[in-house]
Amino acid sequence: MLREAFLSMEELSRKGVFRRKDFDRRPNGVSITYRQVGKPAGVTLEMTGREWEEISGERRVAEGILPSVLAGII
């Protein structure tokens, strides 16, 4: 359901009905806020980091740890 909500909001953003206002990634989760163009209405999606990775396909590299390929070169 969260995936469908995200995909719907992204499609509405592409069509110009909503605009992605804020994207906040914290250690314990992700918050994405959309605002309706020309109106004060808005929608905020809250999800865990794992849910975000599954929905977006984005993987977060642990800060301070080099990827294994780069570490091998060094």
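**Figure 1. Order of the elements along the chain.** Helices (H or I, at least four residues) and strands (E, at least two) are DSSP runs that are numbered from the N terminus. In this predicted model, the elements of the protein follow one another from the N terminus as α-β-β-β-α-α, and the secondary structure comes to three helices and three strands. Of the 74 residues in the protein, 22% are buried, while the protein exposes about 5,600 Å², of which carbon and sulfur atoms supply 54%. Among the contacts in the protein with a separation of 6 or more, 26% are made by residues 24 or more positions apart.

Figure 2. The strands are arranged in the order β1-β2-β3, with antiparallel pairing, and together they make an open sheet. Strands β1 and β3 (42-47) are the edge strands, since each of them pairs on one side only, and the twist from one strand to the next averages 15°. Strand β2 (residues 29-36) is joined to β3 by six bridges, and the two run antiparallel.

Figure 3. Helix α1 lies across β1, β2 and β3, and it runs at about 135° to β1. Helix α2 packs on the sheet and touches β1, β2 and β3, with a direction that makes about 110° with that of β3.

Figure 4. A pair of aromatic rings is described by the distance of the centres and the angle of the planes. With centres counted as paired within 6.5 Å, the protein has two aromatic pairs. In the pair shown here, the ring centres of F6 and W52 are 5.4 Å apart and their planes stand at 90°, which is over the 60 degrees needed, so the pair counts as edge-to-face.

**Figure 5. The tilted pair of F23 and W52.** The rings of F23 and W52 form an aromatic pair with 5.2 Å from centre to centre and 55° between the planes, and this pair is tilted. Because F23 lies in strand β1 (residues 18-26) and W52 in helix α2, the pair ties together parts that are 29 residues apart in sequence. F23 is partly exposed, with a relative accessible area of 36%. Taken together, F6, F23 and W52 form one aromatic cluster.

**Figure 6. Confidence of the prediction.** The protein averages a pLDDT of 83, and 78% of the residues score at least 70. Among the elements, β2 has the highest mean pLDDT, at 95, whereas helix α3 (residues 68-73) has the lowest, at 56. Where pLDDT is low, the predicted coordinates should not be read in detail.

Terms used: Residues numbered from 1 in each chain as written. Predicted model: local features only at pLDDT ≥ 70, side-chain atom pairs only at ≥ 80, totals over all residues. Heavy atoms only, no water. Phe/Tyr/Trp six-rings, centres within 6.5 Å; stacked < 30°, edge-to-face > 60°. Buried < 20%, exposed > 50% of the residue type's maximum accessible area, 1.4 Å probe, protein only. Pairing = 2+ DSSP bridges. Axes fitted to C-alpha atoms, helices over the stretch in contact; angles between N-to-C directions. Contact = heavy atoms within 4.5 Å. Areas by Shrake-Rupley, 256 points an atom, 1.4 Å probe, with all protein chains shown as cover. pLDDT = per-residue confidence, 0-100.
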